[in-house]
Amino acid sequence: MADTDPHWRDVKVRLMRARGLAQNAAVNTWGTVPAQPMPQITRPQLGKYLVDKEIGRGAMGAVYLGYDPATDHRVALKTMALAQEFSGSDLVDARSRFLREAEMAGRLEYPDIVSIIDAGEENGVAFIAMELVEGTDLSEYTAPDRLLPLEHLIPIMARVAAALAYAHTRGVTHRDIKPGNIMVDLNRDVVKVMDFGVARVADAARTRTGVVLGTPTFMSPEQLAGQNIDGRSDLYSLGVTFFQLLTGQLPYRNDSMAVLMRAIARDPVPHVTEIRPDVPQALGDIVALALQKHPNTRYADGQQMAEDLRAVAQAMQARAVDLDLG
């Protein structure tokens, strides 16, 4: 009617009134009409785990923050792109070795070892689902101006040595002990050794390609030589780690990989006290024993090293008490 006869019976007024009623009705029913469903955003997935974001990266893969919908728990997902490193029968062998190592590491139940929850493979990417640990790794404390006080560092190293002793008695060798694989939360007194079950596959890739993945600085002489290793190789690596955390430098440093590897195999290591005179002689001796070239002249097991470290810590505490009383 408004279009046919604009003046018919106050049609404009009636039309405006109708529009006002329609607007009020729309306001009153706002939120009562079912909204259109939001488009679902698919998240990448590894096995049953949803992948949130990358939280770290290593020589052969990345670490992701993951989520297990079944348990409503966050996990860390360590990945290795096996299909990029191996092919054919080598890939089959690497996959089998990876899952076998992960299974063995998953049997480790120790407070200071990160728990392995699950392992699998998705589209050529092998993964290990691990306990998510809050804190920072010890590489944060390797710079000369960020070294941990001895009263904090010694107990940490004793706990790591004891954790390695536990793993070694169960036939599991870590093969990649270094500051970056030791997580700590100083405020909550948390120490966790990470990455059991991963390094053997990386070693296989290194042997196959002839290329050392990452720095060899923390490797024992026998590991660099491709010989069979046992827990004493881990203790050597722990000795290198301890040396760096005490001095802010590595025992051997050289830009040439060949020269560096030759030094690890042949050159004597400086005593810690030569670099840092305030370190107790007994503590420097522990590091020197762990860094012996031949496995037979090192600590026989991590428990011995842990006991010696605790004895040094007790002696330091007793001395501090004597000084306070004096």
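A: Let's start with Lys78, which counts as buried because its relative accessible area is 13% (buried means under 20%, exposed over 50%, partly exposed in between, with a 1.4 Å probe and protein chains only). Bear in mind that this is a predicted model, where local features need pLDDT of at least 70 and side-chain atom pairs count only at pLDDT 80 or more, while totals for chains, interfaces and linings use all residues. Residues are numbered from 1 along each chain as its sequence is written, and side-chain values use heavy atoms, with hydrogens and water left out.

Lys78 sits in strand E4, residues 73-80 (helices, H or I, have at least four residues and strands, E, at least two; both are DSSP runs numbered from the N terminus). An unreviewed UniProt entry lists Lys78 under "binding site"; UniProt positions follow the numbering used here, feature names are shortened, and annotations may be inferred rather than shown by experiment.

The loop between strand E3 (62-68) and E4 holds Asp72. With a relative accessible area of 54%, Asp72 is exposed, whereas Lys78 is buried. The backbone of Asp72 is worth a glance too: phi is near 60°, a positive value in a residue that isn't glycine. As background, most residues other than glycine have a negative phi. Asp195 also has a positive phi, about 75°, and is not a glycine either. You'll find Asp195 in the loop between strand E9 (190-193) and helix H5 (199-209), and Asp195 counts as buried because its relative accessibility is 11%.

Now zoom out for a moment. The protein has 11 helices and 9 strands, and 44% of its 326 residues count as buried. Take the contacts between residues at least 6 apart in sequence: 61% of them join residues at least 24 apart (contact means heavy atoms within 4.5 Å).

On to the helices. Two packed helices are described by the angle between their axes and the distance between the axes. For helix H7 (residues 231-247) and helix H10 (residues 281-290), the axes come within 8 Å and cross at roughly 140° (axes are lines fitted to C-alpha atoms, for helices over the stretch in contact, and angles run from 0 to 180 degrees between N-to-C directions). That angle is why H7 is oblique to H10: under 35 degrees counts as roughly parallel, over 145 as roughly antiparallel, 65 to 115 as roughly perpendicular, and the rest as oblique. H7 passes H10 in a left-handed crossing, left-handed being the case where the near helix is turned anticlockwise from the far one by less than a right angle, and right-handed if clockwise.

From H7, Leu235, Tyr236, Gly239, Phe242, Phe243 and Leu246 meet Leu283, Val287 and Ala290 in H10. The residues of that contact split into 8 nonpolar, 1 polar and no charged (Ala, Val, Leu, Ile, Met, Phe, Trp, Tyr, Cys and Pro count as nonpolar, Asp, Glu, Lys and Arg as charged, and the others, Gly among them, as polar).

H7 also contains Thr241, which is buried, with a relative accessible area of 0%. Setting aside residues up to four places away in sequence, Thr241 touches Ile177, Lys178, Pro179, Ile182 and Phe218.

Val272, in helix H9 (residues 272-275), touches residues of this neighbourhood: leaving out neighbours within four places in sequence, its contacts are Phe243, Leu246, Thr247, Val279, Gly284 and Val287. Val272 counts as buried because its relative accessibility is 1%. Its C-alpha is 9.5 Å from that of Gln244, 28 residues apart in sequence.

H10 has a further partner in H11: the axes come within 10 Å and cross at roughly 165°, which makes H10 roughly antiparallel to H11. This crossing is left-handed. Ala282, Leu283, Ile286 and Ala290 of H10 make the contact with Met305, Asp308, Leu309 and Val312 of H11. By class, the contact has 7 nonpolar, no polar and 1 charged residues.

Last stop: Ala313, in helix H11 (residues 302-325). Ala313 is buried, with a relative accessible area of 16%, and its C-alpha is separated by 9.6 Å from that of Ala158, 155 residues apart along the chain.
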